[in-house]
Amino acid sequence: TGLGAPTLWDASTGARLGAFPLSGDSRIATFSPDGSTVAFGGLETVVRVFDTDTRAEQLVLRGHTCGVSRVAFSADGSMLAANGCDGARIWSLDVDTLLEVARDNVTRSLTKEECRRYFDDQGCSA
């Protein structure tokens, strides 16, 4: 049995702003420091990140082998940490930082298939 979709409310007016399209397995949530995103964890092995204005899913962060018991944003909102029974995982949410790490650590070019998978054909050479 699920808990129902998490709902966002306006704290000053009490108005219901809308629900996030999640199953009842999401039991914990944390907002980014600027309030623009919210991350959910729970019985699933993933962390789901949503835009608070549109309630659209932005990211699904994978890596845990069991449920996620805690999620937290860094003070500047550029990183997200999640803890589960298999330990903690930390993700960079800043694309520029990810690209910098990739440039410093990747020792080969992406294949055409990898380029299409990760960049939706944008910038992939023929």
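Reader: Does F50 count as buried or exposed?
Author: Buried means under 20% relative accessible area, exposed over 50%, and partly exposed in between, with a 1.4 Å probe and protein chains only. F50 has a relative accessibility of 0%, so it counts as buried.

Reader: What pLDDT do local features need?
Author: Numbering starts from 1 along each chain as its sequence is written, and side-chain values use heavy atoms, leaving out hydrogens and water. The model is predicted: totals for chains, interfaces and linings use all residues, side-chain atom pairs count only at pLDDT 80 or more, and local features need pLDDT of at least 70.

Reader: In what order do the elements of the protein chain run?
Author: Elements are DSSP runs numbered from the N terminus: helices (H or I) have at least four residues, strands (E) at least two. The protein chain holds nine strands and two helices. From the N terminus on, the order is β-β-β-β-β-β-β-β-β-α-α.

Reader: How much of the protein chain is buried?
Author: The chain has 126 residues. Its buried residues make up 29%.

Reader: Why is the pair of F20 and F50 edge-to-face?
Author: The ring centres lie 5.5 Å apart. The pair links distant parts of the chain, with F20 in the loop between β2 (16-19) and β3 (26-31) and F50 in strand β5, 30 residues apart. The pair is edge-to-face because its planes stand at 70 degrees.

Reader: What angle do the planes of F40 and F50 make?
Author: F40 sits in strand β4 (residues 37-42), ten residues from F50. Both are buried. Their centres lie 5.8 Å apart, and the pair is edge-to-face, with planes at 80 degrees.

Reader: Which backbone oxygen lies 2.7 Å from a polar atom of the T52 side chain?
Author: T52 is in the loop between β5 (47-51) and β6 (57-61). T52 is buried, at 8%. Beyond four places in sequence, its contacts (heavy atoms within 4.5 Å) include L8, F31 and V38. The oxygen belongs to G35.

Reader: Which residue joins its side chain to that of S74 by a polar contact?
Author: S74 is in the loop between β7 (68-73) and β8 (79-84), and counts as partly exposed at 23%. A polar contact is a pair of N or O atoms within 3.5 Å; within protein, one must be able to donate a hydrogen and the other to accept it, and residues adjacent in sequence count only if both atoms are side-chain atoms. The backbone nitrogen of S78 lies 3.2 Å from a polar atom of the S74 side chain. The side-chain partner, at 2.7 Å, is D76.

Key
Rings of Phe, Tyr and Trp (its six-membered ring) pair if their centres lie within 6.5 Å; planes under 30 degrees apart count as stacked, over 60 as edge-to-face and the rest as tilted.
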